[in-house]
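Please look through the structure below before reading on. The points that follow take up a few places in turn.

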Amino acid sequence: MKLLLDQNLSYRLLASLAELYPESAQVGLLGMGESSDYEIWDYAKINEFAVVTQDADFHELSLLNGGPPLVIWLRCGNKPRLEIQAKLIEYQEVIEQAGADNDIWCIEIY
């Protein structure tokens, strides 16, 4: 599964997650730092990414549009990068299962 980290998540997560989530990217590194949520959504859908965000807007897009892409909504608040990394590692199996289920469009991680 490829993750697309939203602008508010550090690109530094990518190196530590590369083994579990190869080919992942971050919005800013793709030159999409100023892109709208809709543009990011479309990019993720076309390029088969799951969107990782702390932003409720992507959850709302999943309710309006369905999936894909899968939205991984980090509801744990602003945490240090290492805590976010630990959550994405801890929930890797859940994320993979959700990505394989076409009826799941958003998962929330607390």
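1. Where is the place of Glu48? Glu48 sits in the loop between helix H2 (37-46) and E3, where helices (H or I, at least four residues) and strands (E, at least two) are DSSP runs numbered from the N terminus. Glu48 has a positive phi of about 60° although it is not a glycine. Glu48 counts as exposed, at 66% relative accessibility; buried means under 20% relative accessible area, exposed over 50%, and partly exposed in between (1.4 Å probe, protein chains only).

2. This is a predicted model, in which local features need pLDDT of at least 70, side-chain atom pairs count only at pLDDT 80 or more, and totals for chains, interfaces and linings use all residues. Residues are numbered from 1 along each chain as its sequence is written, and side-chain values use heavy atoms, with hydrogens and water left out.

3. Glu23, in the loop between H1 and strand E2 (25-26), is not a glycine either, yet has a positive phi of about 65°. With 64% relative accessibility, Glu23 counts as exposed.

4. Helix H4 (residues 81-90) has Ile84, Gln85 and Leu88 buried. Seen down the axis of H4, these buried residues fall within an arc of 100°, so they line one face of the helix; the arc is that of the directions from the helix axis to the C-beta atoms. The face of H4 turned away from the buried side carries the exposed Leu82 and Glu90.

5. Two cis peptide bonds deserve a look. One joins Gly67 and Pro68, with omega about 0°; another joins Pro68 and Pro69, with omega about 5°. Pro68 lies in the loop between helix H3 (56-65) and E4.
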